[in-house]
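Here are a few exercises to work through with the model open in your viewer. Try each task before reading its solution.

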Amino acid sequence: MTNNLRVERAILRMTQQQLAEAVGVSRQTINAIETKKYVPSAVLALKIARVFSKAVEEVFSLEEGD
């Protein structure tokens, strides 16, 4: 799974910590998602997409083989 969290955060000038607080997780969790070390649950993916006012598919997408 790939994502564009870093780009979306940059557009809003939002830090990893600010996004983490907005969705109720740690900054480390946001970092792990951005670096593809952790795949978020459906609920967390929806919460993140809501922060950016985007559809989940606009923030997260499957890669070949996923």
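## Exercise 1: contacts and the core

Task: find which residues Val59 touches, not counting residues up to four places away in sequence.

Solution. Step one: take contact as heavy atoms within 4.5 Å. Step two: list the partners of Val59, which are Thr2, Asn3, Asn4, Leu5, Ile48, Ala49, Phe52 and Lys54.

Before going on, please keep in mind that this is a predicted model, where local features need pLDDT of at least 70, side-chain atom pairs count only at pLDDT 80 or more, and totals for chains, interfaces and linings use all residues. Residues are numbered from 1 along each chain as its sequence is written, and side-chain values use heavy atoms, without hydrogens and water.

Task: which members of the largest nonpolar core touch the most other members?

Solution. Step one: collect buried (under 20% relative accessible area, 1.4 Å probe, protein chains only) Ala, Val, Leu, Ile, Met, Phe, Trp, Tyr and Cys residues joined through side-chain atoms within 4.5 Å. Step two: the largest such core has 14 residues, and Leu5, Leu19, Ile48, Phe52, Val59 and Phe60 touch the most other members. Step three: assign them to helices, which are DSSP runs of H or I with at least four residues, numbered from the N terminus. Here α2, α3 (27-34) and α4 (42-51) each supply at least two core residues, and α4 gives the largest share, 4 residues.

## Exercise 2: charged pairs

Task: where in the chain do the partners Glu34 and Arg6 lie, and is each buried or partly exposed?

Solution. Step one: a salt bridge needs a side-chain nitrogen of Lys or Arg within 4 Å of a carboxyl oxygen of Asp or Glu. In the bridge between Glu34 and Arg6, the closest N and O atoms are 3.2 Å apart. Step two: Glu34 sits in helix α3 and Arg6 in helix α1, 28 residues apart.

Task: what is the N to O distance in the salt bridge of Lys54 and Glu8?

Solution. Step one: the N to O distance for Lys54 and Glu8 is 3.6 Å. Step two: Lys54 lies in the loop between α4 and α5 (56-59), Glu8 in helix α1, 46 residues apart. Step three: Lys54 counts as partly exposed at 31% relative accessibility, and Glu8 as buried at 7%.

Key
Buried means under 20% relative accessible area, exposed over 50%, partly exposed in between (1.4 Å probe, protein chains only).
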